[in-house]
Amino acid sequence: MLLEVKNLTKNFGGLRAVYNLNFSVEKHKLVGIIGPNGAGKSTLFNLLTGFVPPTTGTITLAGQRIDSYRTHQIARAGISRTFQTNRIIANETLMNNVMVGLLAKTQHGFWDAMIGLKKEEEDRFQYRCREVLKIVELEEMSGRVASGLDQEQQKRLAIAVAIVNNPKLLLLDEPTGGVNVEEIDKLTKIIRRIWEEGITVCLIEHKIKMVTELCEKVIVINYGEKIAEGTPEEVMKNKDAIRVYLGEENVA
Amino acid sequence: MTGFFLSRKLWMVCGIAFLLVFPLFLPTDIKPFLLYLASLIFLWTMLCVSLNLIFGYAGQLSLAQGGLFGTGAYVAAILTVHYGVNFWLAFLVGGFAAGMLGLIIGIPSLRLRGPYFVIVTMGFNIILVSIIENLGELTGGVTGLLGIPPVSEIGNITFESKIKSYYLILIILFIFWFVVYRIRNSRMGLCLNALKNDEDLCQSVGINTMFMKLQTFIISSVLAGLGGALYGSFLGILTPRDASWHLGFDALVFLIVGGIGTIPGTIIGPAIMLLISELAQSVVQIGMLMNGLILILLLIFLPKGVVGLFGYIKDFLYRYNEK
């Protein structure tokens with residue numbers, strides 16, 4: 001079991017964002033998390049990555065308790081994420097953006113700035129960045145400044161930044177948000193390719209078609225509680241899931 | 001051809017060459033004054049370099065730079081005046097003391113995001129000034145510390161003449177620039193730029209942002225402290241005003257004028273503003289008014305500072321060439 005979440009609860013004052021959530025993610029799976037707006041999906045990601053501390057409950061990554069870790073420690077333990085809004089460094093090149101994802105692994109302190117990195121080390125990192133840019137099909141633009149990218153390219157760049165450090169688990173927060181219908185297939189393909197590289201992927205998505213195509217397991221969340229879990233076919237037949245997602249009248 | 005004339009390297013070499021040969025071509029009657037003014041500009045530039053590192057590169061606005069500058073100045077001055085310590089040792093101790101203070105301020109305040117760091121640094125600076133004012137025996141209190149000796153000699157070279165102290169300050173400034181240039185063009189610089197743009201992103205890829213900010217603030221403090229130590233010995237007198245947060249604020253204004261986050265901006269800003277205030281003072285006392293006016297006009301027409309102007313010219317010329 002790669003990720004195990006037990007009795008996870010988060011209260012913001014009187015608001016119960018996540019309540020008594022239990023689920024697990026097996027190694028090398030593609031898991032989708034769906035639910036209506038405000039269901040607590042993004043809060044769940046924020047809890048998993050330490051941006052907000054849980055009120056109660058435990059999170060275990062590959063046997064290691066991570067719920068008390070700070071964000072950067074969790075990232076070093078192997079959980080990487082993208083954000084709902086595109087987080088890129090607009091005034092740096094694509095190459096440097098991806099390099100930011102590698103910084104935790106490279107020496108980036110003051111003395112290293114004064115001495116400089118070894119040539120072979122530098123080459124190795126450059127090579128890795130190029131490799132990742134190839135996966136997200138941005139390789140030929142690597143020298144360009146990131147502010148010139150469109151919405152969908154920015155999404156792909158953000159994914160590249162997240163996977164460059166070989167995470168154990170990749171959390172994608174709405175990878176297709178604000179992306180054209182034609183481009184969704186491309187993103188789907190890229191996510192599948194990342195999964196084939198051996199990275200476990202967990203994604204929040206609103207586009208049901210993409211989730212059913214990609215994911216082996218789907219978790220449905222509403223009001224911070226898990227209401228259904230299973231393969232896409234199972235979930236699509238689940239009455240509770242249909243009710244929250246498609247509305248009362250569609251429950252046959 | 002346009003590319004060559006606009007290349008950064010060419011301008012950099014020209015600028016450095018100008019600073020090196022500038023004292024050789026001065027008319028003798030105003031030479032001492034101009035050398036004094038130029039040295040003062042360099043000392044202000046050091047303060048701007050330290051602020052540029054923490055604010056321009058790391059995006060954390062510190063209003064304690066004046067206090068850290070003053071700490072370096074006072075520590076070095078007290079050591080040389082009261083204890084007869086060699087200037088160069090006092091200079092290093094001044095930088096170290098400022099660095100330690102940076103560490104002490106940074107640990108609690110850099111955890112917070114948003115305006116808190118600004119408020120804490122400014123508050124610290126106000127406390128520091130009242131400590132200096134009340135440690136009369138050591139610091140001379142409000143009347144100030146007098147008779148700070150000039151920079152002591154290295155081997156046979158003494159620094160009592162204006163021109164030698166000009167070159168000494170210039171060389172130390174070059175070292176400052178070199179350090180900051182190395183930082184900017186390294187992994188640390190990339191990390192700082194990422195931090196300035198998006199702290200959440202940095203944390204989500206495993207960067208210890210608190211440690212990075214603290215490290216940068218300490219380096220910035222050390223630079224401010226070293227600059228201050230030199231400043232005290234250059235002026236020969238220190239008053240609590242030389243440690244007030246206004247100094248840091250003036251440096252901020254200079255940086256805005258020159259161009260935040262750029263190395264040439266750290267000298268262009270102080271040079272323009274100090275020259276203008278000197279000129280204005282020789283006519284009437286309208287220096288402050290001019291400063292304010294220039295700042296407002298710059299923010300409206302040149303938000304990227306004077307260095308930003310080069311960018312506009314470059315864009316214009318390239319477009320002109322294409323036509």
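Reply: Here are the labels, each set against its cut-off.

Reply: This is a predicted model: local features need pLDDT of at least 70, side-chain atom pairs count only at pLDDT 80 or more, and totals for chains, interfaces and linings use all residues. Residues are numbered from 1 along each chain as its sequence is written, and chains are lettered from A and ligands numbered from 1 in the order in which they are written.

Me: What makes chain A as compact as a globular protein of its length?
Reply: Chain A has 10 helices and 10 strands; these are DSSP runs, H or I of at least four residues for helices and E of at least two for strands, numbered from the N terminus. Its radius of gyration, taken over C-alpha atoms, is 19 Å.

Me: Why is A:N165 called buried?
Reply: A residue is buried if 20 or more other C-beta atoms, placed from the backbone, lie within 10 Å of its own, exposed if 12 or fewer, and partly exposed in between. A:N165 has 20 such neighbours, so it counts as buried. A:N165 lies in the loop between α6 (151-163) and β7 (169-173) of chain A.

Me: Which residues is A:N165 in contact with, leaving aside neighbours within four places in sequence?
Reply: Contact requires C-beta atoms, placed from the backbone, within 7 Å. By that test the partners of A:N165 include A:S80, A:G101, B:V205 and B:G206. A:G101 is 64 residues away in sequence, but 6.4 Å away in space, C-alpha to C-alpha.

Me: How do you know that α3(B) is largely enclosed?
Reply: Of its 27 residues, 20 are buried, so the rest of the structure largely encloses α3(B).

Me: What is the span of α3(B), and where does the helix bend?
Reply: Helix α3 (residues 31-57) of chain B reaches 36 Å from first C-alpha to last, close to the expected 39 Å. The expected span is 1.5 Å times one less than the number of residues. α3(B) bends by about 35° at B:L51; a bend is the angle between axes fitted to the seven residues ending there and the seven starting there.

Me: Which residues have the most contacts inside the largest nonpolar core?
Reply: A nonpolar core joins buried Ala, Val, Leu, Ile, Met, Phe, Trp, Tyr and Cys residues through C-beta atoms within 7 Å. The largest has 161 residues, and A:L157 and A:A160 have the most contacts inside it. Its largest share, 15 residues, comes from α3(B).

Definitions and conventions. Two residues are in contact if their C-beta atoms, placed from the backbone, lie within 7 Å. The radius of gyration is taken over C-alpha atoms; the globule rule is 2.2 Å times the number of residues to the power 0.38.
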